[in-house]
Amino acid sequence: MAQLDTLDIVVLAALLLGTVAYFTKGTYWAVHSDPYSNSLAQGNGTAKPGKSRNIVEKLEQSDKNCVVFYGSQTGTAEDYASRLAKEGHSRFGLNTMVADLEEYDFDNLDQFPEDKLAVFVLATYGEGEPTDNAVEFYEFLSGDDVTFSEGTSAAEKPLSNLKYVAFGLGNNTYEHYNSMVRNVDKFLTKFGARRLGAAGEGDDGAGTMEEDFLAWKEPMWAEVCEKMGLEEREAVYEPVFEITEKADMDAEEDEVYLGEPNKNHLEGSQKGPFNANNPFIAPIAESKELFTAKDRNCLHMEIDVSGSNLSYTTGDHIAIWPTNPGKEVDRFLSILGIASKRHTVIAVKGLDPTAKVPFPSPTTYDAAIRYHMEICAPVSRQFVSTLAPFAPSEEVKAEMVKIGGDKDYFHEKVIDRNLNLAQLLEILSNGEPWSKVPFSLVIEGLVKIQPRYYSISSSSLVQKDKISITAVVESIAKPNSPHVLKGVTTNYLLALKQKQHGDPEPDPHGLNYALTGPRNKYDGVHVPIHVRHSNFKLPSDPTKPIIMVGPGTGVAPFRAFVQERAALARAGQPVGKTVLFFGCRRKEEDFLYENEWQTYEKDLGENFILHVAFSRDGPKKVYVQHKIEEYAEELDKLLQQKAYFYVCGDAANMAREVNALLAQIISKQRGVPESKAEEIVKAMRASNQYQEDVWS
C-alpha cells in the first residue's frame, strides 16, 4: 500500500470533516443559537441547541394538532401567526403552537398526520424574495428535484395527507406582489397537499393589511371547522405567559436583564457573529445634520464597525436597533397602572412548552417595555376587541367594543389619528389606569420591537470599517390628532447626534431617550446594529453604464455607488457613464451632499452626470420623473448599451411612476408598442438590469 503524504492526509481530514458536517447539519452546524438560551427563558419553549428539527416529532411530543409557521422580516407575520394560534385554541379548541420556519426541516412533511393542520403565514420581502428566516424552506420546496423522507417525488403526491391554511403579507407597489404565499401554495398543491379556505393576501401598499387579514380569517375558520369537525366555543382569555414578580430580587442584581439582548451582553462582553439576534454596540464616529431647514432634520452618521468582523458590500443595509422613547414608556406604564412598579423584577415563563418568550428574563417592567416591545406601533383592531373586557368601566368597554367591531369607526378613532396603544387607552379612559389588563396579554398583543433598516450610503471599497447612513427624522402631524407621530428610530439617532455634539440633555421633541443603554453600556455615543446583505448591487464590470433615480434620502445608496466609482477612477481604472437623477425641495435647504457631487464630478469627469429636480424652487413643481422625461433620448441610448437602472425611495408613488415612465420612454424612443416596451422593462428586472431598493 502506498504511503500517505501530507497532502493526502489533509484531503482525507477535509473529507471526514465535510461528512461529519453534512450528517450533523441542524444539530451542530448552521444553527442559530437561541439568544435567550441561558436566561430564565430557557425551558419556556425557546429554541435550544440540538433540539429536534422534526416538526412531526415536535407535534407528537407536545400533544399539538396545529402548527402555525411564519416567515417574517419585520415582525408582522410573526404577530399574525401568534394571533391565529391563540384564536385557534381559544375559539375552536385546537392545540396550537407557533413555529419559526428556520427552526425546522421540511423533508418530513410527507409524514404530517392527516388529523393535524399546518398554517403558513408568509411575508414577501423585497423583489419577491423569502424573508431571511424562510430562505431554506423556500429553497427546499422550489428545488428542481424535491425528495421527501419516504423517498417520494412530486409526481407521487407525497403531501396528500397535509391539510394547510395560507396567508401572505405583500405590497402591491412591488412587481412580485405576495409571490411567497402564491408560490408556496402552488408548490404544496403540486405535492398533493389540500388547502382549507382561500389563500389570503394582505396588502401593505394599499394600507389594508390588517383588514385583509381580518376579512380572510373568518371564512377560513369556517372551512377548517367543517373539514376538521371542530365546533366554535366561547373564547375566554387564557394567558400564554406566567408573570411572576420577584420581590426578593433587586433590579441591579447581575442576573437581571435591564435591556441586554442576550447573556453575553448581560455579562458585559460582545461576541460575534453579530446578526439579527445579536447586535454589535457600535460607536458613532461622526454625525451631522444635512438640512438647513429649521422644521426638518436629516442626519448623516458614520458608524464604526472596526474590530467587529462585520463586513458589508456597497448597496447593503444597516439595521439600527431602536430604544423606545421615555415619554411613551412612561405613558405606557402609567396607563397600565404599573408606573410605581416599573423597576420591579419579573420572571416571564411560557405556560405551554412551545410558547416562545420574546425577551430574556428575569427583567423589569421598564426594561421589557423600553427595549423589547413595539409600544409606538399602530394598534390592531383585533387587539382593541381583545382588550375591551379589561376596560376600567362599562362605558369605556362599550366604546372599545364599538371601535374593535366597526372598521370605519376604527379608522376614524385610531388610524386617522396615528394613535399607539397607550395613547388610545389614555384618551378613552381620560387617563384612568387600565389596571385589569394582564401583562401577559400585553406581551402577546404587541410585537417584539424590530430593527429598522437603512440603505448604507458609503462604499465598502472606500471605507470598509465605517458605515454611513442618511436618514430623515420622521415627524407626521394629523389635523384631528392630539399626537404627532414621531419616528422612533430616527428621533433616537437625532438624540445621539445631539449628545455627540455636546448637548448635556438631548431630548428631541420631548421624547427623552435612555441613550446610555442598559447599565450605561451604550455610553460614549453607541448604537446597537447589524448588517443585512442586499441584492441591490453595482454591476461587477465597472465600465457598464448605470442610471440611478433617488429623490430625498433615496439618494443614500447612490452616494455609495458614485463614491465607489470615483475611487476607481482616481486609481486609474476605466469607469462607465454614471448618471444620477436626484430630487429635493429647495437647493438652499435639502440638496444632500451638494459639495460631494462636485468632488465626484472632478474625479469622474464627463462620466458623471447629475440631474437635480428642485420641486419647490420654481413656479412649477419639478420631480425626478420630469427630469427623466427631459433626458429620455440620452437615457434610452444608455439602456441600449445595457446600462443598469436603479431606483431607490418611495414605492407607492415615485417608484411605480418611474417604472411606467421607463416603458413609455422605450416605446417612444424605439418606436415599439407600449406593451412591447413593458415586456422589455420586465426582462430588465428579471436579469437584474433594473433594480429597486424601495419602501412603502
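Reply: The charged end of R685 sits over the ring of Y690, 4.3 Å from its centre. This is a value from a predicted model, as are the others below.

Next come the pairs of rings. A search of the whole structure finds 32 aromatic pairs. One of them joins F92 and W221, whose ring centres are 4.8 Å apart; their planes meet at 35 degrees, so this pair is tilted. The partners come from distant parts of the chain, 129 residues apart: F92 belongs to helix α3 and W221 to helix α6, which covers residues 209-228. F92 counts as buried because its relative accessibility is 5%, under the 20% that sets the limit for buried residues. W221 is also buried, with a relative accessible area of 3%.

Another pair is formed by F536 and F558. Their ring centres lie 5.9 Å apart with the planes at 45 degrees, so this pair is tilted. F536 is in the loop between β18 (526-532) and β19 (546-549), while F558 is in helix α16, so the pair ties together parts that are 22 residues apart in sequence. F536 has a relative accessibility of 2% and counts as buried. F558 is buried too, at a relative accessible area of 0%. Elsewhere, ring pairs link F69, Y104, F106, F120, F137 and Y164 into a cluster.

Helix α18 runs over residues 594-604, and its buried residues are E596, W597, Y600 and L604. Why do these four lie on the same side of α18? They cover an arc of only 100 degrees around the axis, which puts them on that one side. The face of α18 turned away from the buried side carries the exposed residues N595 and K602. On the buried side, the residues of α18 pack against α16 (556-570), β20 (578-584) and β21 (608-614). Just after α18 comes G605, which takes a positive phi of about 60 degrees.

The chain beyond β21 brings in a record. The UniProt annotation "binding site", from an unreviewed entry, covers R296, T553, S615, R616, K621, V622, Y623, V624, Q625 and E657. These positions span 362 residues in sequence, and the farthest two C-alpha atoms are 25.9 Å apart, so they do not all gather at one spot. V622 is in the loop between β21 and α19 (624-630). V622 is partly exposed, at 27% relative accessibility. Apart from neighbours within four places in sequence, V622 is in contact with A613, F614, S615 and K627. E657 has its place in helix α21, residues 651-670. E657 is partly exposed, with a relative accessible area of 41%.

A buried polar residue is found in another loop. Q73 is in the loop between β1 (66-71) and α3 (76-92). The relative accessible area of Q73 is 12%, so Q73 is buried. A polar atom of the Q73 side chain lies 2.9 Å from the backbone nitrogen of D132. With neighbours within four places in sequence left aside, the contacts of Q73 are Y125, T131, D132, Q450, Y453 and R532.

The peptide bond from G272 to P273 is cis, with omega near 0 degrees. P273 is in the loop between α7 (263-266) and β9 (280-289). The peptide bond from S361 to P362 is cis as well, with omega near 10 degrees, and P362 is in the loop between β12 (345-350) and β13 (363-364).

R519 is not a glycine, yet its phi is positive, near 55 degrees. R519 is in the loop between α15 (488-500) and β18 and is partly exposed, with a relative accessible area of 26%. N520 also has a positive phi without being a glycine, at about 60 degrees. N520 is found in the loop between α15 and β18, where N520 is exposed, with a relative accessible area of 52%.

Key:
Residues are numbered from 1 along each chain as its sequence is written. This is a predicted model: local features need pLDDT of at least 70, side-chain atom pairs count only at pLDDT 80 or more; totals for chains, interfaces and linings use all residues. Side-chain values use heavy atoms; hydrogens and water are left out. Buried means under 20% relative accessible area, exposed over 50%, partly exposed in between (1.4 Å probe, protein chains only). Helices (H or I, at least four residues) and strands (E, at least two) are DSSP runs, numbered from the N terminus. The arc is that of the directions from the helix axis to the C-beta atoms. Contact means heavy atoms within 4.5 Å. A polar contact is a pair of N or O atoms within 3.5 Å; within protein, one must be able to donate a hydrogen and the other to accept it, and residues adjacent in sequence count only if both atoms are side-chain atoms. Rings of Phe, Tyr and Trp (its six-membered ring) pair if their centres lie within 6.5 Å; planes under 30 degrees apart count as stacked, over 60 as edge-to-face and the rest as tilted. A charge sits over a ring if NZ of Lys or CZ of Arg is within 6 Å of the ring centre and within 35 degrees of the ring normal. UniProt positions are given in the numbering used here, feature names are shortened, and annotations may be inferred rather than shown by experiment.
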